[in-house]
Amino acid sequence: MVKTLIGMLMIGALCLPARAQETTATTPSGPAAAVYRNADDYAKAFNKADAKALGQMFAEDVEYTDEDGVTTVGRDAIVALLKKNFALNPGAKLEIDIQSVRSLTPDVAVERGQTVTTSTGGDQTTSAYTAIHVLEDGKWRIRQLVDTPVPNPPPGQMLSDLAWMVGDWKEKDGDAEIETKVAWAAGNNFLTRNFKVSIDDDVTLQGWQVIGWDPAQKKIRSWMFDTDGGFQEGTWTRSGDQWEIRQTGFIPDGATISSVSLMQRLGDDRCTWELTNRTLDGDPQPSLPRIEIVRTSK
């Protein structure tokens, strides 16, 4: 998201209701209390995209520094920034986690926290901020605001919901037996899944799959290859204890395939799996019935 949008959202965050203070009191006291009393008026103005009203919550000589180190100086410049971004991003929603508010003097308070903004399309951006509030002519205003990036969590952390899969698994489908081993790859940022299909102890197919976090698409994705020369890529979506994996790919003769796998976790050592919405070169194919998979070792 462009830095000016981040600037708008960070400015909005400072005047929304606080969730935490450095003190243990549940209600702000002293100079901090005056800062929080601006919250309701600010929220109303923000929801109306009223940049002029928002501008009055900043000192005339306010300085805002964005994540790239670019500084915007002055209330008028802040108002112009707000107007531009309200026009470019109508309907954006803001959530805030104010982590601390501390009074330095009776006329100065420092606020720190994080914000999460959600666009109308569902994209989210997290930012951190530090703001200095000053008392001017009986009214608390923001004198300085510094916006800093929040580091992205490591890819492995984004796969934590799939950590239960790690281990050895076995499933029976008629005469076929399928053995699967799931493990963390070196660095613990990817999961690897190796599988072997046997019929009457004869191995008929083997393959491997890599599961990882796509930071560009903000999704869990997978890439699977088999010994016959086929390959597929998939996108994983969670709903409770069920995972939906939408896959597309090719078989060795070049025909296109697609399917939707449904994996339901039944506990630490059991899950079910079924394959639906199968197509071959666009033609519908029969679904495969649900089967139960059990863990043989961790």
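## Report on the predicted chain

The mean pLDDT of the chain (the predictor's confidence in each residue, from 0 to 100) is 83, and 89% of the residues score at least 70. This is a predicted model, in which local features need pLDDT of at least 70 and side-chain atom pairs count only at pLDDT 80 or more, while totals for chains, interfaces and linings use all residues. Residues are numbered from 1 along each chain as its sequence is written, and side-chain values use heavy atoms, with hydrogens and water left out. Over residues 1–26 the pLDDT stays under 50.

The chain contains 6 helices and 17 strands, taken as DSSP runs (helices H or I, at least four residues; strands E, at least two) and numbered from the N terminus. Of its 298 residues, 39% are buried (under 20% relative accessible area, with exposed over 50% and partly exposed in between; 1.4 Å probe, protein chains only).

Two nonpolar cores are described here, each a set of buried Ala, Val, Leu, Ile, Met, Phe, Trp, Tyr and Cys residues joined through side-chain atoms within 4.5 Å.

| Core | Size | Residues include |
|---|---|---|
| Largest | 22 residues | Leu54, Phe58, Ile78 |
| Second, separate | 15 residues | Leu159, Trp243, Ile245, Met263 |

In the largest core, Leu82, Phe86, Ile142 and Leu145 are also among the residues that touch the most other members. Elements giving two or more residues to this core include α3 (39–47), β1 (58–65) and β6 (139–149). Helix α5 supplies the largest share, 5 residues.

Phe250 lies in strand β13 (residues 242–250) and counts as partly exposed because its relative accessibility is 36%.

Key
Contact means heavy atoms within 4.5 Å.
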